[in-house]
Amino acid sequence: MLELYQWELSQYSEKVRLILDYKGLNYRKIEVTPGIGQVELFRLTGQKQVPVLKDGGRYIVDSTEIAKYLDLEYPDRPLIPTDPKKRGACLLIEEWADESIGIKGRKALFAAISQDQNFRKSLLPTSTPDILKTLIEGVPRDFLTVLGVGVGYSPDVIKSAIADLKQDLEALTLLLADSPYLLGDEPSLADLAVAGLSIILKFPEGPYLDLPASLQGKGVPGLADNPDYAPFFEWRDRLYSQFRKPIIGTSPSASRPTSIQID
Ligand SMILES: N[C@@H](CCC(=O)N[C@@H](CS)C(=O)NCC(=O)O)C(=O)O
């Protein structure tokens with residue numbers, strides 16, 4: 001069976017999970033422990049980021065490479081159109097979504113988490129001990145602002161990321177106004193990339209992620225709750241109900257990812 005080394009709340013991991021579900025491929029999730037698990041991932045793949053797909057003895061790194069690999073090896077339900085114009089637009093949108101929604105979305109989510117103690121606590125994995133949850137909930141907002149500056153997320157950087165994301169959401173809303181998918185009547189990698197990456201702007205309505213039910217439909221203030229972008233998020237949630245497999249119906253232990261083991 002295919003194995004996905006992932007983080008449950010990683011937007012690039014979600015892009016790959018949506019692609020795997022779209023193609024109807026079964027896979028096992030392996031939750032990589034931040035830090036120590038990434039050392040093992042480095043040993044296996046020469047780099048420390050998720051997602052990584054394991055197919056037999058082969059490791060495929062990077063969500064875009066995984067999408068292309070899957071289209072080649074599992075050609076049913078193709079992701080990338082063959083028509084040259086659509087193919088070009090698909091590849092362009094996929095690359096743009098990685099760079100814009102994927103990276104700027106991370107900055108916007110960081111800002112939202114810094115400002116809201118409850119949001120911060122709820123995002124911790126369900127297995128996090130209560131004592132650690134309480135500690136994280138209590139981290140002062142000023143400290144997180146300083147921490148953000150330390151990793152390049154100064155208030156100005158965050159402000160500009162949110163302004164860009166607003167333009168992106170406006171553009172996507174316009175593109176989807178009169179067609180069911182970004183490239184017309186058929187879904188493609190462009191849709192799956194945009195939809196999967198956008199979980200960090202607003203978590204999907206529905207049981208698709210190992211996340212407290214109270215966080216479904218919640219996200220970055222000003223984006224997730226902005227009526228101007230509601231048609232985009234409604235489109236995204238429709239796409240999820242069409243293609244993403246819900247995690248209900250399996251026992252919590254079966255649906256919960258296994259952690260990467262260090263020998
Ligand atoms: N270009 C990569 C980006 C992957 C990425 O940024 N992964 C993040 C999680 S969302 C990660 O592993 N961060 C940990 C690190 O950089 O050490 C892709 O498309 O898969």
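The points below pass from the whole protein to one helix, the ligand and several individual residues.

1. Basis of the comments. The model is predicted, so local features are taken only at pLDDT of at least 70 and side-chain atom pairs only at pLDDT 80 or more, while totals for chains, interfaces and linings use all residues. Residues are numbered from 1 along each chain as its sequence is written, and side-chain values use heavy atoms, with hydrogens and water left out.

2. Overall composition. The protein has eleven helices and five strands; these are DSSP runs numbered from the N terminus, helices being H or I of at least four residues and strands E of at least two. Of its 263 residues, 49% are buried (buried is under 20% relative accessible area, exposed over 50% and partly exposed in between, with a 1.4 Å probe and protein chains only). Among contacts with a separation of 6 or more, 70% join residues 24 or more positions apart; a contact requires heavy atoms within 4.5 Å.

3. Which residues of α8 are buried? They are I158, A161, I162, L165, D168, L169, L172 and T173. Seen down the axis of α8, these buried residues fall within an arc of 130°, so they line one face of the helix; the arc is that of the directions from the helix axis to the C-beta atoms. The face turned away from the buried side carries the exposed residues D156, K159, Q167 and L174.

4. Packing of α8. Its buried residues pack against α4 (84-115), α9 (189-197) and α10 (230-243). S100 lies in helix α4 and counts as buried, at 4% relative accessibility. Leaving aside neighbours within four places in sequence, S100 is in contact with G105, L165 and D168. Both L165 and D168 are listed among the buried residues of α8. V157, also in α8, is partly exposed, with a relative accessible area of 29%. V157 and A108 are 49 residues apart in sequence, and their C-alpha atoms are 9.5 Å apart in space.

5. The ligand shell. How many residues surround the ligand? There are 13, the closest being K48, Q49, V50, D62 and S63 (a residue is near a molecule if one of its heavy atoms lies within 4 Å of it). Helices α1 (11-22) and α4 each supply at least two residues of this shell.

6. An N or O atom in the side chain of D62 is 2.9 Å from a nitrogen atom of the ligand. The protein covers 81% of the 510 Å² of accessible area that the ligand has on its own.

7. Backbone geometry. Most residues other than glycine have a negative phi, and most peptide bonds are trans. The peptide bond from V50 to P51 is cis, with omega near 5°; P51 is found in the loop between α2 (36-45) and β3 (52-55). D62, which is not a glycine, has a positive phi of about 90°. D62 lies in the loop between β4 (58-61) and α3 (63-73) and counts as partly exposed at 37% relative accessibility. R77 has a positive phi near 50°; R77 is placed in the loop between α3 and α4 and is partly exposed at 40% relative accessibility.

8. Leaving aside neighbours within four places in sequence, D21 is in contact with Y27, F243, R244 and K245.

Definitions and conventions:
Polar contact = N/O pair within 3.5 Å; in protein donor to acceptor, adjacent residues only side chain to side chain. Areas by Shrake-Rupley, 256 points an atom, 1.4 Å probe, with all protein chains shown as cover.
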